[in-house]
Amino acid sequence: MADVFISYAREDRDAAMRIAQGLNAMGLDTFWDTEIPPGQTWADYIEAKLVNSKAVIVLWSAHSTRSHYVREEARIARDRSRLIPAQIEGGPLPFGFGEVQTADLTQWRGDYTAEAWSRFASAVYTTVRGSAPPQPTYTPPPQQP
């Protein structure tokens, strides 16, 4: 099972990919729904990945706050105390999610040395591994065009 489940709206795929690449470079195994094998039942496969992950990142944006799927995944993660929310666009969070501290990645565009990324990635790593990441935390993956 994956260490980290990434919940996002389809329109935010590029942000999800950058986050997955950065966390993978730190040695964390990530799941985002590009990996559903043919022949699997989507809901059962997603639910198994979600409930067995050690951390669930929810990427909040204008699109994801309106997504019933993202909100349901966030509720499950919050109820299991595994939610690590990150805001990738400005705007209000969905009702019921304001009480969990949300990482501000609204200005982050893939710089793995940025302070916002470092704080976020360290929190994810600590949640998954139970200790702070070793220094240096990772070698940044190559930038995608």
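What follows is a chat about the helices and a few single residues.

Q: What kind of model is this?
A: This is a predicted model: local features need pLDDT of at least 70, side-chain atom pairs count only at pLDDT 80 or more, and totals for chains, interfaces and linings use all residues. Residues are numbered from 1 along each chain as its sequence is written, and side-chain values use heavy atoms, with hydrogens and water left out.

Q: How many residues has helix 1, and how far does it reach?
A: Helix 1 has 13 residues and reaches 18 Å from its first C-alpha to its last. That is close to the 18 Å expected at 1.5 Å a residue. The expected span is 1.5 Å times one less than the number of residues. Helices (H or I, at least four residues) and strands (E, at least two) are DSSP runs, numbered from the N terminus.

Q: Which residues of helix 1 are buried?
A: Ala15, Ala16, Ile19, Ala20, Gly22 and Leu23. Buried means under 20% relative accessible area, exposed over 50%, and partly exposed in between (1.4 Å probe, protein chains only).

Q: Where do they sit around the axis?
A: They cover an arc of only 165°, which puts them on the same side of helix 1. The arc is that of the directions from the helix axis to the C-beta atoms.

Q: Why do residues three or four places apart point the same way?
A: An α-helix has 3.6 residues a turn, so residues at that spacing point the same way.

Q: What covers the buried residues of helix 1?
A: The cover includes strand 1 (4-7), strand 2 (30-31), strand 3 (55-60) and helix 4. Contact here means heavy atoms within 4.5 Å.

Q: How do helix 1 and helix 4 cross?
A: The axes of helix 1 (residues 13-25) and helix 4 (residues 115-129) come within 11 Å and cross at roughly 60°. Axes are lines fitted to C-alpha atoms, for helices over the stretch in contact, and angles run from 0 to 180 degrees between N-to-C directions. The crossing is right-handed. A crossing is right-handed if the near helix is turned clockwise from the far one by less than a right angle, and left-handed if anticlockwise.

Q: Which residues make the contact?
A: Helix 1 gives Ile19, Gly22 and Leu23. Helix 4 gives Trp117, Phe120, Ala121 and Val124. By class, there are 6 nonpolar, 1 polar and no charged residues. Ala, Val, Leu, Ile, Met, Phe, Trp, Tyr, Cys and Pro count as nonpolar, Asp, Glu, Lys and Arg as charged, and the others, Gly among them, as polar.

Q: Staying with helix 4, which residues are buried there?
A: Trp117, Phe120, Ala121, Val124, Tyr125 and Val128 are buried. They cover an arc of only 130° around the axis, so they are on the same side of helix 4.

Q: And which are exposed on the other side of helix 4?
A: Glu115 and Arg119.

Q: What comes just after helix 4?
A: Gly130, with a positive phi of about 85°. Just after helix 1, Gly27 takes a positive phi of about 95°.

Q: New topic. How do helix 2 and helix 3 cross?
A: Their axes come within 10 Å and cross at roughly 35°. The crossing of helix 2 and helix 3 is right-handed. Trp42, Ile46, Leu50 and Val51 in helix 2 meet Tyr69, Glu73 and Ile76 in helix 3. That contact divides into 6 nonpolar, no polar and 1 charged.

Q: Which residues of helix 3 are buried?
A: Val70, Glu73, Ala74 and Ala77. They fall within an arc of 100° seen down the axis, so they line one face of helix 3. The face turned away carries the exposed residues His68 and Asp79.

Q: Now single residues. Is Ser7 buried or exposed?
A: Ser7 is buried, at a relative accessible area of 1%. Ser7 is found in strand 1. Not counting residues up to four places away in sequence, Ser7 touches Ile57, Val58, Leu59, Val70 and Glu73.

Q: Where is Asp3?
A: Asp3 is in the segment before strand 1. Asp3 counts as buried, at 8% relative accessibility.

Q: What about Ile36?
A: Ile36 is partly exposed, with a relative accessible area of 24%. Ile36 lies in the loop between strand 2 and helix 2 (42-52). Leaving aside neighbours within four places in sequence, Ile36 is in contact with Phe31, Trp42, Tyr45 and Ile46.
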